[in-house]
Amino acid sequence: MTTNELILAIETSCDETSVSIVRGGREVLVNLVSSQIETHEQFGGVVPEIASRQHVESITIIMEQAVREVGIELRDLSAIAVTQGPGLVGSLLVGIVAAKTLAMALDIPLIGTHHIAGHIYANQLVHELVYPSVALVVSGGHTELVALEREGQFRIIGRTRDDAVGEAYDKVARALQFPYPGGPHVDRLAAEAEDEIELPRAWLEPDSYDFSFSGLKSAVLAAVNQAKMKGQELNKPALARGFQASVIDVLVTKALRAVHAEGARQLLLCGGVAANRGLRAALADRCAAEGVPLLAPPMALCSDNAAMIGAAAHLKWKQGEFTALEMKAEPSFSLEGWSVRD
C-alpha cells in the first residue's frame with residue numbers, strides 16, 4: 001500500500017479518546033473512538049479529573065490498535081497530529097504527551113491542531129469543499145459562525161455570548177429529567193410532539209451574527225416551575241418542540257444571512273449538535289429553497305473523533321507548518337490564530 005502523507009491523529013479534548021490514521025487529509029483508514037458517556041452519565045455531565053484518568057488508561061491501547069488494524073509499521077507514518085485546544089486542559093495533556101512521545105521517538109513532525117478546525121474539516125473527509133464558504137459550528141461548548149475565505153483561513157463572524165447550543169440542550173434536558181447527554185432526548189421528544197409551547201427568540205442587534213441562549217433556557221425553566229406550582233402535568237413534548245424550534249430558527253436564519261453577506265458558495269454544518277435531526281432537516285429545507293449547497297458530515301464524524309483532527313492537520317502538513325515539541329495545551333486556543341499562513 002502507498003503510505004504517502006499518513007497522519008496518525010489523536011483527539012482527547014473532552015470525554016472521547018480517539019485515534020485515527022488519515023491518508024492525504026481525506027481518506028480515513030481507521031477511526032477508533034472510546035466514549036466515556038456511561039462513566040459521566042451518573043454525574044449528569046463530564047467530570048474533568050475522571051475524563052483525564054480514563055484517557056490515560058485508554059490512549060496507548062487505542063494507538064496500538066489503530067496501527068495494527070491498518071496493517072502498517074510506525075515508520076510508515078508521516079506525522080503525528082493532536083488536538084492542542086480548546087478543551088479540558090487535563091484531557092488535552094494526555095493526548096499531547098502521547099503525541100509528543102511518538103513524534104520524538106519516530107523523529108517525524110508534530111502538528112498541534114485546533115479542535116474546531118477539525119470539526120469544520122470533517123466535511124472534507126466526505127465532501128469537496130469550495131471557497132469562500134461559511135461554517136456553522138454547533139457543539140457542546142461552541143456555537144460559532146466562521147467565514148472561510150480560502151482553505152485553512154478562519155474568521156469568526158459570530159459566536160455565543162453565553163451558553164453554547166449543546167450546553168443549552170443539556171440544561172433543558174436536565175430540567176425535563178432526561179439523562180446526560182440530553183440533546184438527543186430533546187431532539188427525539190420534539191419530533192414526536194403534536195403541540196408546541198412558543199418560546200422567545202434572542203435575535204440581539206439587527207446586524208449581529210452572535211447568539212444567546214441563556215434567556216431561552218430560563219424561559220424553559222420558568223415553564224417547568226410554573227407547571228409545578230400550579231400542580232399541572234408538564235407537556236414535555238410541546239416544551240421540547242418549542243425550545244428546539246427557537247434554537248433552530250435563530251441558527252438557520254443567522255447562518256443563511258451570513259452565507260449571503262459573505263458571498264459563500266457553501267454552508268458547512270459541523271460539531272456534535274450537527275447530528276441533531278431537527279436542525280439538519282430545517283437547514284436542508286432552507287438551503288434548498290435559497291439555492292445554497294449544504295454540507296454536513298455523517299453522524300459518526302459529527303461528535304469528537306480523531307479523523308477530523310487528521311483532516312485539519314493536513315492543511316498544516318501541506319504548508320510545512322509543524323509544531324515544536326515544547327507545545328503546550330491551549331484550553332482557549334484561537335481558531336483564527338491557528339489559520340494557515342498566507
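**The sheet and its helices**

Modeller: Valine 134 stands opposite leucine 267, which lies in β9. Please keep in mind throughout that this is a predicted model.

Colleague: In which sense do β6 and strand β9 pair, and over how many bridges?

Modeller: The partner of β6 here is strand β9, made of residues 267–270, and leucine 267 of β9 is the residue that valine 134 faces. The two strands pair in the parallel sense, over 4 bridges.

Colleague: Which strands are the edge strands of the open sheet?

Modeller: The open sheet has 5 strands with mixed pairing, in the order β8-β7-β6-β9-β10. An edge strand pairs on one side only, and this applies to β8 (155–159) and β10 (294–295).

Colleague: Which strands does α8 lie across, and at what angle does α8 run to β6?

Modeller: Helix α8 lies across β6, β7, β8 and β9. Its direction relative to β6 is given by an angle of about 160 degrees.

Colleague: Which strands does helix α9 touch, and what angle does its direction make with that of β9?

Modeller: Helix α9, residues 277–290, packs on the sheet and touches β6, β9 and β10. With the direction of β9, that of α9 makes about 180 degrees.

Colleague: Is α5 roughly parallel or roughly antiparallel to α8?

Modeller: The axes of helix α5 (residues 165–175) and α8 come within 12 Å and cross at roughly 175 degrees. Because angles over 145 degrees count as roughly antiparallel, the relation of α5 to α8 is roughly antiparallel.

Colleague: How many nonpolar, polar and charged residues does the contact of α5 with α8 have?

Modeller: From α5, Val165, Ala168, Tyr169 and Val172 meet Phe243, Gln244, Val247 and Leu251 in α8. By class, this contact of α5 with α8 has 7 nonpolar, 1 polar and no charged residues.

Colleague: How are α6 and α8 oriented to each other?

Modeller: The axes of helix α6 (residues 183–192) and helix α8 (residues 236–262) come within 7 Å, with a crossing angle of roughly 105 degrees. Val186, Asp187, Leu189 and Ala190 of α6 meet residues of α8 that include Lys236, Arg241 and Phe243, and by class the contact has 6 nonpolar, 1 polar and 3 charged residues. Since angles of 65 to 115 degrees count as roughly perpendicular, α6 and α8 are roughly perpendicular.

**Cores and buried residues**

Colleague: Which element gives the largest share of the largest nonpolar core?

Modeller: This core holds 47 residues, and Leu136, Leu145, Phe243, Leu251 and Leu267 touch the most other members. Leucine 251 is, beyond its sequence neighbours within four places, in contact with Leu136, Val138, Thr143, Val165, Phe211, Phe213 and Leu279. The largest share of the core is 12 residues, and the element giving it is α8.

Colleague: Is serine 139 buried or exposed?

Modeller: Serine 139 sits in the loop between β6 (133–138) and β7 (143–148). Not counting residues up to four places away in sequence, serine 139 touches Ala164, Val165, Gly166, Gly271, Gly272 and Val273. With a relative accessible area of 8%, and buried meaning under 20%, serine 139 is buried.

Colleague: What is the relative accessibility of histidine 115?

Modeller: Histidine 115 belongs to helix α4 (residues 115–121). Leaving aside neighbours within four places in sequence, its contacts include Glu11, Ser13, Asp304 and Met308. Histidine 115 counts as buried, its relative accessibility being 6%.

Methods:
Residues numbered from 1 in each chain as written. Predicted model: local features only at pLDDT ≥ 70, side-chain atom pairs only at ≥ 80, totals over all residues. Heavy atoms only, no water. Axes fitted to C-alpha atoms, helices over the stretch in contact; angles between N-to-C directions. Parallel < 35°, antiparallel > 145°, perpendicular 65-115°, else oblique. Contact = heavy atoms within 4.5 Å. Nonpolar A, V, L, I, M, F, W, Y, C, P; charged D, E, K, R; others polar. Buried < 20%, exposed > 50% of the residue type's maximum accessible area, 1.4 Å probe, protein only. Pairing = 2+ DSSP bridges. Core = buried A, V, L, I, M, F, W, Y, C linked by side-chain atoms within 4.5 Å.
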